Amino acid sequence: MNKTTMLHQSICQINEFHGLFELLYEYTDTIEEAILKNAASGEKGGLNTSQYDFFNGQDQIYLDYVWKPFAKIISIETVTGPRKEQIISEYKTNLRDLSEYAVNIQSNSKRAKELNLFLTKKEFNSVFIDKKQQLEKIIEAGDLLQRG
Amino acid sequence: MSECVLDSGRFSNHTSTKVVHEVHKVKNKRLKMYITILNFINNGGSITDTSLIEFEIYLNDNDLNHLKSLYEYLILHKDILPFLRAYQRQYKESVDTAINLVLLFPSVDKPYLRDSISGFGIHKEDAEIIVDAYYWSSGKIDPKYITLERRALVNNKDRVLHILRNQCTEFPQTTLNLIHISEIPD
């Protein structure tokens, strides 16, 4: 199965992570799109320097703004030792306001778009040419779900 | 079609703040589609009473059957999910791009005019936007209100314009025309 789908499914199944799904989703959306774009335009010579730097910087961005809030929740749930109470209260306070993470993840998405790491409509259509019919079924259901 | 209109450079494109607000509302609802479907798949595709409350929807038996068969289908075709995500990204991008191509006119608050023209298939929400368009059209050369709603418009065009011209006395009558998107001149 697709790795992003697997990640989303696993995170969704853990109640403690519910509040963080939006952050993760925005981040994986950016990366997934950038990778699709690179694959779609690969034969024309690959990445330019700024695009290359963007991909190269992702481990740090992932660590600082995506993994960190998840790690804090894990710590809250599993921490032991003399500083236990202090760590729990410190991390809970930190997680009450997710805006620092959100702002940085959003600017990462914006950066990807500025670097043209986003499929054009034409590229999108050719990458997913076989999915059109399946899509129609889902759109129908989506409109149904959102009605009212 | 709408893309051609916005991109053509042949017109100056305007809309009212109310329209943009509505578009964003619909957009944000639709962008919940992926997470909705993901949650359903995680629940094993069963549609429970709790999930119905969660998504604030009313479903009759027909809707439920349709949804059930769809989710049964999706559980077997999880490979559709990466495509659904990519589709949502394209959708969001194209809505945001379109909004950036139009100039904004602040919506007016004229409940009396709105209620005078609504009815006969024109909803209050649509009526408010036509009133916005009439205020915007003041002083404009050849102003056109373009809509996708053929039925309501064709049946009501003369009545609506007559009411607006006669009841709106804050500025001289305008030459606003209401046209279906397919009637845009070449």
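This passage walks through the two chains of a predicted model, from their overall make-up to a few local details. Local features are reported at pLDDT of at least 70, and side-chain atom pairs count only at pLDDT 80 or more, while totals for chains, interfaces and linings use all residues. Residues are numbered from 1 along each chain as its sequence is written, and chains are lettered from A and ligands numbered from 1 in the order in which they are written.

Of the 148 residues in chain A, 18% are buried, a term for residues with 20 or more other C-beta atoms within 10 Å of their own, the C-beta atoms being placed from the backbone; 12 or fewer means exposed, and partly exposed lies in between.

Within chain A, helix α1 (residues 3-12) packs against helix α2 (residues 21-40) at an angle of about 180 degrees, with the axes 11 Å apart. Axes here are lines fitted to C-alpha atoms, for helices over the stretch in contact, and angles run from 0 to 180 degrees between N-to-C directions. The pair α1(A) and α2(A) is therefore roughly antiparallel, the term for angles over 145 degrees. A:Thr4, A:Leu7, A:Ile11 and A:Cys12 of α1(A) make the contact with A:Phe21, A:Leu24, A:Thr28 and A:Glu32 of α2(A), contact meaning C-beta atoms, placed from the backbone, within 7 Å.

Turning to chain B, its secondary structure comprises nine helices and four strands, arranged along the sequence as α-β-α-α-α-α-α-β-α-α-β-α-β. Buried residues account for 21% of its 186 residues.

In chain B, strands β3 (residues 144-147) and β4 (residues 177-180) run parallel and are joined by four bridges; strands pair if DSSP finds at least two bridges between them. One bridge links B:Lys144 to B:Asn177 in β4(B). Between β3(B) and β4(B) the chain passes through helix α9 (residues 150-167) in a right-handed β-α-β crossover: with the strands pointing away from the viewer, the path from the first strand over the helix to the second runs clockwise.

Helix α9 of chain B also holds B:Asn156. This residue is buried, as 22 other C-beta atoms lie within 10 Å. Leaving aside residues up to four places away in sequence, B:Asn156 touches B:Phe120, B:Gly121 and B:Ile122.

Notes. Helices (H or I, at least four residues) and strands (E, at least two) are DSSP runs, numbered from the N terminus. Angles under 35 degrees count as roughly parallel, over 145 as roughly antiparallel, 65 to 115 as roughly perpendicular and the rest as oblique. Two residues are in contact if their C-beta atoms, placed from the backbone, lie within 7 Å.
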